[in-house]
Amino acid sequence: MRQLVSLAALSRFGADESLTYIHAFDSIRDNELTPSTEYSIAIIKELYSSKLLIVSPNSDLGRITLNENGGYSFYMSEVEFLLPHPNPAGFITAIEEDLLTPGFFEEHKAELEFLAQEIALQECLAFLERVLMEHQLQYSPGEKTFLVLNKGLESYSVAQMCNFIWRAAKDAAAFYIRNRVSRDHAAKTVVGSIERQIERASANGWSVTAYRRNYDHPQSVLSRTLYNTVLKTDDGGFSKRISDLFQMPTRPPAVDDSMSSPDAPDNLH
């Protein structure tokens with residue numbers, strides 16, 4: 001399931017018009033495969049390791065290094081890929097048709113939910129990195145950050161989690177200026193701040209304002225493939241809790257987010 005959804009997303013993201021090859025990731029600037037570059041490369045590497053992609057001989061040879069043992073090395077983002085199938089266009093078309101069938105959702109419901117949770121975490125991490133950069137702060141997330149964000153995603157949507165993240169980054173920037181601490185020290189307060197906000201909102205039963213997507217935070221192709229195509233929602237994994245999307249016995253109906261909240265959240269309740 002994961003590979004089918006990933007292949008469909010990658011072909012939408014970077015396939016040429018004839019669906020015969022995939023353009024080099026670094027050559028595509030007008031779209032996002034996943035919420036972050038790191039996650040995108042991980043997806044491509046996973047498909048390559050599973051022998052579902054092969055390096056195209058039409059790749060820029062300057063991007064490929066020949067090794068002394070007769071092999072070669074390259075960066076996943078710099079080469080073109082082919083599908084190891086005699087009819088790649090027919091193969092991709094068959095995958096797209098499979099994703100649209102109700103049976104695909106029903107058969108792979110648990111796997112799809114796991115993938116949705118993974119994408120939701122990546123959405124939060126990408127947004128965290130973006131808002132910290134806006135405040136000229138940097139932070140390398142680790143297991144504690146993953147734990148806090150995943151715990152929050154059990155109760156809140158990605159859009160609501162963005163509210164917590166946005167406020168935490170804003171407070172960290174104010175802490176940096178007010179207390180004259182290092183940027184690293186200020187950035188490290190963000191995760192604790194997010195955790196406290198989640199706990200307070202949950203304890204008090206607050207209605208948390210949802211962040212709204214804008215041009216700085218577009219829906220990725222992988223997200224569209226999963227949420228819009230397979231789950232038949234309009235970016236449902238951003239606006240709804242993941243658990244809510246998968247509580248229904250069949251694919252949920254389309255979500256109308258036309259009355260979503262402003263871009264920059266101002267309060268929690």
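Trainee: What conventions apply to the model and its numbering?

Mentor: This is a predicted model, in which local features need pLDDT of at least 70 and side-chain atom pairs count only at pLDDT 80 or more, while totals for chains, interfaces and linings use all residues. Residues are numbered from 1 along each chain as its sequence is written, and side-chain values use heavy atoms, with hydrogens and water left out.

Trainee: At what angle do helix α6 and helix α7 pack?

Mentor: Helices are DSSP runs (H or I, at least four residues), numbered from the N terminus, and strands are runs of E with at least two. Axes are lines fitted to C-alpha atoms, for helices over the stretch in contact, and angles run from 0 to 180 degrees between N-to-C directions. Here α6 (residues 143-153) and α7 (residues 158-179) pack at about 130°, and their axes are 10 Å apart. Angles under 35 degrees count as roughly parallel, over 145 as roughly antiparallel, 65 to 115 as roughly perpendicular and the rest as oblique. The two helices α6 and α7 are therefore oblique to each other.

Trainee: Which residues of α6 and α7 meet?

Mentor: Contact means heavy atoms within 4.5 Å. On the α6 side, Leu149, Gly152 and Leu153 meet Val158, Met161 and Ile165 of α7. By class, this contact has 5 nonpolar residues, 1 polar residue and no charged residues. In that scheme, Ala, Val, Leu, Ile, Met, Phe, Trp, Tyr, Cys and Pro count as nonpolar, Asp, Glu, Lys and Arg as charged, and the others, Gly among them, as polar.

Trainee: How many salt bridges does the count give?

Mentor: Side chains of opposite charge can pair when their charged atoms come close. A salt bridge is a side-chain nitrogen of Lys or Arg within 4 Å of a carboxyl oxygen of Asp or Glu. By this rule the count is 10 salt bridges. One of them joins glutamate 154 to lysine 151, at 3.6 Å from N to O. Another pairs lysine 188 with aspartate 184, whose closest N and O atoms are 3.1 Å apart.

Trainee: Where do arginine 213 and aspartate 235 lie?

Mentor: Their side chains meet in a salt bridge of 2.5 Å, N to O. Arginine 213 is in the loop between α9 (190-204) and α10 (221-230), and aspartate 235 is in the loop between α10 and α11 (236-239), so the pair ties together parts that are 22 residues apart in sequence. Arginine 213 is buried at 17%, as is aspartate 235 at 9%. Elsewhere, salt bridges that share partners join Arg2, Glu46 and Glu118 into one network.

Note on methods: Buried < 20%, exposed > 50% of the residue type's maximum accessible area, 1.4 Å probe, protein only.
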